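Work through the exercises below with the sequence and the model open side by side. Try each task before reading its solution.

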Amino acid sequence: MAAVVTATAATVVSAGPAEAAPRHEDGLSPDILAIMGKPAYEHAQWGLLEIDDTTGEVIHSQYPNQFFIPGSTAKLVSVSGTWHTLGGEHRFTTPVQAVGSRSGSVLDGTLAMVAQGDLTMGGRTKPDGSVDFTPIDHTYANDLPGATLTPENPLAGLNEIAGQVRASGITEVHGDVAVDPRLFAPDAGLDPTPTPLIINDNLIDLLTTATTPGQPAQLSWRPQVAPYQVESTVQTVAAGGTTSIDVSASPDGTHITLSGTIAADAQPTLRVSQVQDPNAFGRTALIEALARAGVTVTAPPTGPNPVGLLPDSYDGTQRVAAYVSPVYAEYARLILKVSHNLGANLGICLMAVTTGSHQCKDGFAALRDFLIQAGIDPTKVQLLDGRGGNPVDRVTPDVENEILHYWQGTPEATRFREALPILGVDGSLAFACAGCPTCPGKGKVWAKPGTVAGFDAVNQRLAIGAETLGGYLAAGHGRLHTFYLAVNGASTQDINTFFDVVNDLNRIAGLLQEQAEARS
């Protein structure tokens with residue numbers, strides 16, 4: 001059983017971020033202790049720190065200065081650093097430059113789209129300028145059931161650029177189109193690997209819909225860009241049958257095959273396949289968008305991205321189009337709401353760019369600078385990515401609370417808090433109250449969850465390296481508590497019982513919120 005000690009006293013410190021508080025007897029309620037004492041946690045270690053953000057009172061504290069595997073709660077650190085470094089109102093402007101000579105409507109030369117690290121390139125942008133998301137993002141479609149698509153066109157940004165090129169008066173390009181990817185060098189140490197140009201998260205979406213038992217299933221896919229081809233041998237089986245769909249692709253990613261079965265009563269099932277060469281993909285997609293806008297390009301639409309045509313400088317060239325993104329705060333909201341791994345890693349590269357570097361690894365120095373400027377000891381954090389998926393990643397409950405407290409002292413306090421998933425309402429906590437008519441904390445807990453799990457071959461079980469949750473609790477009368485809750489080393493039978501662990505942390509957070517409100 002995880003070690004849990006109880007008592008009635010709470011430690012009080014001065015208002016502001018708590019100093020490194022020792023573990024102490026913290027009066028956890030019997031219902032919370034009962035959850036922590038379940039067999040799944042027999043060999044696990046719990047960590048908890050809850051602080052009244054107004055007074056600095058430490059409400060609950062257990063191993064607050066011990067390192068825990070954070071899972072995706074590491075995004076509270078990386079996204080905070082990126083948000084602070086870029087600014088919440090920062091917009092990414094992706095220009096297209098006409099390189100060469102122009103005669104009337106004809107460009108003799110190259111259209112160069114200069115990638116600027118825009119996470120979505122319009123592919124999720126709603127009419128009001130916000131960024132769309134679903135509770136289970138398509139980036140998780142091959143790993144989690146229930147992933148769905150947003151309705152926006154993944155090629156929206158490229159279509160807008162193409163329209164602007166045509167509006168500039170260009171109808172013919174006697175030459176080529178190139179993507180300029182020199183903003184930063186992709187770092188294979190970051191998984192998934194960010195690239196300066198990202199279209200549809202560098203994924204092909206593959207949606208299978210059941211038909212009649214014994215008949216081929218229906219397939220739709222997007223974005224449809226040459227030379228990508230998709231074939232499906234998925235068959236519809238009787239209602240109640242097995243839904244199991246596998247995806248394979250050629251080494252260059254352009255020939256994709258789906259196989260397996262889908263039950264006649266199953267919901268449409270989403271899978272994804274990786275775009276192996278985002279620059280070549282983006283070039284072709286832009287050439288096709290230009291054709292739709294009435295601009296012809298003499299170069300073949302498919303093939304490698306011709307980086308050799310890019311100039312050393314764009315001085316003296318004409319800008320003929322530019323796509324302007326939503327504000328970064330909207331991207332942060334996407335990353336935090338759905339635990340968007342690519343976006344979190346991208347933040348590391350974008351921070352590097354602000355230092356004048358083209359190497360993503362230099363973003364960690366900018367992240368360290370943010371922590372120091374925020375008055376936070378950076379030695380309480382160990383990270384080798386932005387998503388929380390590297391084996392070295394560690395955080396203390398104390399540092400997560402300090403980051404959460406930092407935001408409360410900024411003009412972005414409300415926007416940051418509301419960018420977090422809300423218990424039982426949206427994002428990756430949308431289903432936290434499913435099947436629970438009286439869900440503690442529903443709508444009153446804003447928190448980022450995290451998971452690290454894998455198969456234990458020795459015991460044929462699911463090993464949960466970490467399940468974590470960190471954010472804010474509504475404490476009544478407009479007050480907030482910051483909290484960080486972690487369990488490392490749990491174990492469950494399978495994926496179904498794994499969700500019991502997730503729900504355990506959600507319930508503990510909800511109970512902490514109810515108890516905080518009751519104290520006020």
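**Exercise 1.** Which elements do the buried residues of α5 pack against?

Solution. The model used here is a predicted one.
Step 1: Find helix α5, which covers residues 328-338.
Step 2: List its buried residues, taking buried to mean under 20% relative accessible area. They are Tyr-328, Ala-329, Glu-330, Tyr-331, Ala-332, Leu-334, Ile-335, Leu-336, Lys-337 and Val-338.
Step 3: Look for their neighbours. The buried residues of α5 pack against α2 (75-86), α6 (341-354), α9 (413-418) and β17 (445-456).
Step 4: Conclude. Ten of the eleven residues of α5 are buried, so the helix is largely enclosed by the rest of the structure.
Step 5: Look just past the end of the helix, where Ser-339 has a positive phi of about 60 degrees.

**Exercise 2.** Find the salt-bridge partner of Lys-337 and say where in the chain that partner lies.

Solution.
Step 1: The side chain of Lys-337 forms a salt bridge with that of Asp-426, with N and O 2.8 Å apart.
Step 2: Lys-337 belongs to helix α5, while Asp-426 sits in the loop between α9 and β17, 89 residues apart from it in the chain.
Step 3: Both residues of this pair are buried.
Step 4: For the setting, a search of the whole structure gives 15 salt bridges.

**Exercise 3.** Classify Arg-182 and Asp-180 as buried, partly exposed or exposed.

Solution.
Step 1: The cut-offs are under 20% for buried and over 50% for exposed, with partly exposed in between.
Step 2: Arg-182 has a relative accessibility of 37%, so it counts as partly exposed.
Step 3: Asp-180 has a relative accessible area of 4% and is therefore buried.
Step 4: These two residues form a salt bridge, their closest N and O atoms being 2.8 Å apart.

**Exercise 4.** Describe how α3 and α4 pack.

Solution.
Step 1: The axes of α3 and helix α4 (residues 278-293) are 8 Å apart, and the helices pack at an angle of about 50 degrees.
Step 2: Angles under 35 degrees count as roughly parallel and those from 65 to 115 as roughly perpendicular. The two helices, α3 and α4, are therefore oblique to each other.
Step 3: The crossing of α3 past α4 is right-handed.
Step 4: Residues in the contact include Leu-158, Ile-161 and Val-165 of α3, and Ala-285, Leu-286 and Ala-289 of α4.
Step 5: Sorted by type, the contact residues comprise nine nonpolar, three polar and two charged.

Methods: Residues are numbered from 1 along each chain as its sequence is written. This is a predicted model: local features need pLDDT of at least 70, side-chain atom pairs count only at pLDDT 80 or more; totals for chains, interfaces and linings use all residues. Side-chain values use heavy atoms; hydrogens and water are left out. Buried means under 20% relative accessible area, exposed over 50%, partly exposed in between (1.4 Å probe, protein chains only). Helices (H or I, at least four residues) and strands (E, at least two) are DSSP runs, numbered from the N terminus. Contact means heavy atoms within 4.5 Å. A salt bridge is a side-chain nitrogen of Lys or Arg within 4 Å of a carboxyl oxygen of Asp or Glu. Axes are lines fitted to C-alpha atoms, for helices over the stretch in contact, and angles run from 0 to 180 degrees between N-to-C directions. Angles under 35 degrees count as roughly parallel, over 145 as roughly antiparallel, 65 to 115 as roughly perpendicular and the rest as oblique. A crossing is left-handed if the near helix is turned anticlockwise from the far one by less than a right angle, and right-handed if clockwise. Ala, Val, Leu, Ile, Met, Phe, Trp, Tyr, Cys and Pro count as nonpolar, Asp, Glu, Lys and Arg as charged, and the others, Gly among them, as polar.
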